[in-house]
Amino acid sequence: MTMEKWLSDVADFLRKQWGLDNAFSSKATLLYAYFLQYGLNPVITSGYRSGEYQEELRRRWEAGDRSIVVEPAKTSKHSITKWGAPASQAIDISTNNHELAARIAQAVGLRAGYYFKKSDPVHFDLG
């Protein structure tokens, strides 16, 4: 399989499995490929979240549930829809080196939650 075919297949998978926006899925695929190349052991933990699920995460956080590592945003790029279908412009990817992951994300033109005021080291979005 060529690299071009692999990138296309992964972008398609991210759209279907994780509800990513078409344009964002290409950048997220590139990000994931670099994470693999640099040995960061990437694990995708979240893509699209319904508004209801995002609110549930916020309620759980406010109730003291610290299995949610970072306080969920009131409005989230994870919860974007287009024409009624998921179109997330954010993805959460755990790695074994958050700082390097953040630098790679910036290099491919994505915003890294590692640099947020309330750091969210697994979060990457279009900005």
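The following exercises, each with a worked solution, concern a predicted model.

**Exercise 1.** Describe the largest pocket by its volume, by the elements that line it and by the kinds of residue in its lining.

*Solution.* Begin with the volume, which is about 690 Å³ for the largest pocket. Next, turn to the residues that line this pocket, 29 in number, of which R49, V70, P72, D92 and D120 are the closest to its centre. Then assign the lining to elements: β1 (43-46), α3 (51-62), β4 (90-94) and β6 (123-125) are those that give two or more residues, and the largest share, 5 residues, comes from α3.

**Exercise 2.** Find the residues that touch the most other members of the largest nonpolar core, and follow the contacts of I93.

*Solution.* The core holds 20 residues, and those touching the most other members are L14, L31, F35, I91, I93 and F124. At least two core residues come from each of α1 (3-18), α2 (22-37), β4 and α4 (98-107), with α4 giving the most, 5 residues. Leaving aside residues up to four places away in sequence, I93 touches L31, F35, P42, V43, I44, T45, V122 and F124.

**Exercise 3.** Locate N41 and W83, and decide whether each is buried or exposed.

*Solution.* N41, which is not a glycine, has a positive phi of about 50° and lies in the loop between α2 and β1. Its relative accessible area is 54%, and since exposed means over 50%, N41 is exposed. W83, with a positive phi near 55°, lies in the loop between β2 (81-82) and β3 (85-86); at 83% relative accessibility, W83 also counts as exposed.

Note on methods: Residues are numbered from 1 along each chain as its sequence is written. This is a predicted model: local features need pLDDT of at least 70, side-chain atom pairs count only at pLDDT 80 or more; totals for chains, interfaces and linings use all residues. Side-chain values use heavy atoms; hydrogens and water are left out. On a 1 Å grid over the protein atoms alone, a cavity is a set of points where a 1.4 Å probe fits but cannot get out, and a pocket is an open set with protein on both sides within 12 Å along at least five of seven lines; lining residues have an atom within 4 Å of a point. Grid points are joined across faces, edges and corners, and a volume is the space filled by probe spheres set on the points. Helices (H or I, at least four residues) and strands (E, at least two) are DSSP runs, numbered from the N terminus. Ala, Val, Leu, Ile, Met, Phe, Trp, Tyr, Cys and Pro count as nonpolar, Asp, Glu, Lys and Arg as charged, and the others, Gly among them, as polar. A nonpolar core is a set of buried Ala, Val, Leu, Ile, Met, Phe, Trp, Tyr and Cys residues joined through side-chain atoms within 4.5 Å. Buried means under 20% relative accessible area, exposed over 50%, partly exposed in between (1.4 Å probe, protein chains only). Contact means heavy atoms within 4.5 Å.
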